[in-house]
Amino acid sequence: MTTTNNTKKQAKPVKPVVKPFLRGTPTDERTGKGALAYLGILVIASIMSFLVCSMLALDNVYLRVILNLMVVTLVMIILYNNAVNSGTDAVARGEILYQKQERGISFAESERRICFHPLKGYLTALLGSIPLLICAVLLAAVAHKQSTGFGSLPGWMSSYAGRSEVGNALVAYTQTTPMGMEDILRIIVRILIMPFVSMVGAENRDGMLLLERLSPLILLLPAAAYGTGYLQGTRERMKIHTGIAQSNRKRANRERKARKARMTQKPKTPEQLN
């Protein structure tokens, strides 16, 4: 087979375009508002996960684990994408301030502080997680293996409870333990980490004890996803600038080819008269 030279040459890839920007501080005037927004998203996501996972209480362990992992992944993706947008906006602000600085235009120090900083996403998420982490840390400190209760007294035995010789033996069934602080913390934390509770299974007492003791670390996973997403702001801005440069290059190539075509085109000669 003979090779032909009619194959089109592939265009050279455009080098990544990185524009300089001013770096902000780890915290700024918007950190508190951002932390509250993160806390709100996390609480709403936890409530939705609780409702969804309650419906995914399947007997098949493998299917239950897969579905709950999908719920956890979805929450992580939502927080990650939200942080990517915040990081991209912060880098864009830094680029604008850098251009102002190069032109000698003054700007307020508060404007510079809100620009991108690698630690800003992690600190914002950590501050927003503090109320939930306090509950998890307290539960982890006092958590113990849950014991099985006596259950409810059968209805047909209620008539024997009044007899002294039988009632003393049944008194344990009639006594109720008041809800304490540990129980309240357990309810809150289990709602927050419901996908993991569903994967382990409430009947697995050893597993639930380990899960409650690890709950502070589990609640830090969304913060890690948020902080990592914020770091992608520089990469997203680079992709935007690279795409603009590539579009400009293609447009310049089209214009150059059009000019070359006009220059090589032969001028038309006037038709001869008959």
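**Values against definitions**

Tutor: Let's start with N68, which is found in helix 2 (residues 61-102); helices here are DSSP runs of H or I with at least four residues, strands are runs of E with at least two, and both are numbered from the N terminus. Keep in mind that this is a predicted model, where local features need pLDDT of at least 70, side-chain atom pairs count only at pLDDT 80 or more, and totals for chains, interfaces and linings use all residues. Residues are numbered from 1 along each chain as its sequence is written, and side-chain values use heavy atoms, leaving out hydrogens and water.

Student: Why is N68 called buried?

Tutor: Buried means under 20% relative accessible area, exposed means over 50%, and partly exposed lies in between (1.4 Å probe, protein chains only). N68 has a relative accessible area of 0%, so N68 is buried.

Student: What is N68 in contact with, leaving aside its neighbours within four places in sequence?

Tutor: A contact means heavy atoms within 4.5 Å. On that basis N68 touches C53, L56, P195, S198 and M199. The N68 side chain also reaches the backbone oxygen of R64, at 2.6 Å.

Student: And what makes M48 partly exposed?

Tutor: M48 has a relative accessible area of 48%, so M48 is partly exposed. M48 lies in helix 1 (residues 31-55), and is one of the residues of a nonpolar surface patch, together with V43, I44, I47, F50 and L51. Patch members have over 30% relative accessible area and no salt bridge; like charges are joined within 9 Å, and nonpolar side chains (Val, Leu, Ile, Met, Phe, Trp, Tyr) within 5 Å. Together the patch has about 520 Å² of accessible area, from the Shrake-Rupley method with a 1.4 Å probe, counting only the protein chains shown as cover for residues.

Student: How do you know that E182 forms a salt bridge with R186?

Tutor: Side chains of opposite charge can pair when their charged atoms come close. The term needs a side-chain nitrogen of Lys or Arg within 4 Å of a carboxyl oxygen of Asp or Glu. For E182 and R186 the closest N and O atoms are 2.6 Å apart, and the pair forms a salt bridge. Both lie in helix 6 (residues 181-192), 4 residues apart, about one turn of the helix.

Student: Which residue does R186 bridge in helix 8?

Tutor: R186 forms a salt bridge with E212, with the closest N and O atoms 2.8 Å apart. R186 is in helix 6 and E212 is in helix 8 (residues 205-213), so the pair ties together parts that are 26 residues apart in sequence. R186 has 6% relative accessibility, so R186 counts as buried; E212 is buried as well. A salt-bridge network links E182, D183, R186, R190 and E212.

Student: Why does E236 count as partly exposed?

Tutor: E236 has 21% relative accessibility, so E236 counts as partly exposed. E236 forms a salt bridge with K239, the closest N and O atoms being 3.9 Å apart.

Student: How much confidence does the predictor have in the chain?

Tutor: pLDDT is the predictor's confidence in each residue, from 0 to 100. The chain averages 81, and 79% of the residues score at least 70. Over residues 1-9 pLDDT stays under 50, and the model has 0 contacts there beyond four places in sequence.

Conventions: A polar contact is a pair of N or O atoms within 3.5 Å; within protein, one must be able to donate a hydrogen and the other to accept it, and residues adjacent in sequence count only if both atoms are side-chain atoms.
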